[in-house]
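I opened this notebook to keep track of what I looked up. The entries follow in the order I made them.

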Amino acid sequence: MLEHMYPQAVEAGIPSTEYWGMTLEEIMIQVQANKRIKENEMRERAYFDYAQQKLSIYAFNDPKHMPGFEDAYPFIKKIEQAVEEAKTEEESKQNAMKRDQEIFLAQAQAINATRKRRKLIEER
């Protein structure tokens, strides 16, 4: 059965090197995912083509009222906000990691100091 599906699966975007190691369920899930990805790409391309045509009409007929970049592509602000949020989240993770490292280093120094004191006491 898998031999007959091989050409269609590769045509649907499954790499030929991975196909033979997949189960039927994995193949079907991957085909559906590839189909959704392709549909989303087509939807994005259509949106950009439409926006470009709309801007071209403004540029030709009414350039004074041509919308700005952010107005033409409103999702850009959302992407920028998501990137900024990810940056601040990453910075907070980095700060927490630095604090944890400082605490760990202080504890290690305290342990070393205690060991030195014990060694001095034992030597007496």
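Is Phe 48 buried, partly exposed or exposed? I found Phe 48 partly exposed, because its relative accessible area is 36%; buried means under 20% relative accessible area, exposed over 50%, and partly exposed in between (1.4 Å probe, protein chains only).

I noted the ground rules next. This is a predicted model, where local features need pLDDT of at least 70, side-chain atom pairs count only at pLDDT 80 or more, and totals for chains, interfaces and linings use all residues. Residues are numbered from 1 along each chain as its sequence is written, and side-chain values use heavy atoms, with hydrogens and water left out.

I then looked up ring pairs. Rings of Phe, Tyr and Trp (its six-membered ring) pair if their centres lie within 6.5 Å; planes under 30 degrees apart count as stacked, over 60 as edge-to-face and the rest as tilted. The structure holds eight aromatic pairs. One of them joins Tyr 19 and Trp 20, with ring centres 4.9 Å apart and planes at 85°, so I logged the pair as edge-to-face. Tyr 19 is buried at 1% relative accessible area, while Trp 20 is partly exposed at 48%.

I went on to Phe 48 and Phe 75, whose ring centres are 5.7 Å apart with planes at 75°, so this pair is edge-to-face. The pair links distant parts of the chain, 27 residues apart: Phe 48 lies in helix H3 and Phe 75 in helix H5 (residues 75-123). Helices are DSSP runs (H or I, at least four residues), numbered from the N terminus. Phe 75 is partly exposed at 26% relative accessibility. I also found ring pairs linking Tyr 47, Phe 48, Tyr 73 and Phe 75 into a cluster.

Terms used: Helix = DSSP H or I, 4+ residues; strand = E, 2+ residues; numbered from the N terminus.
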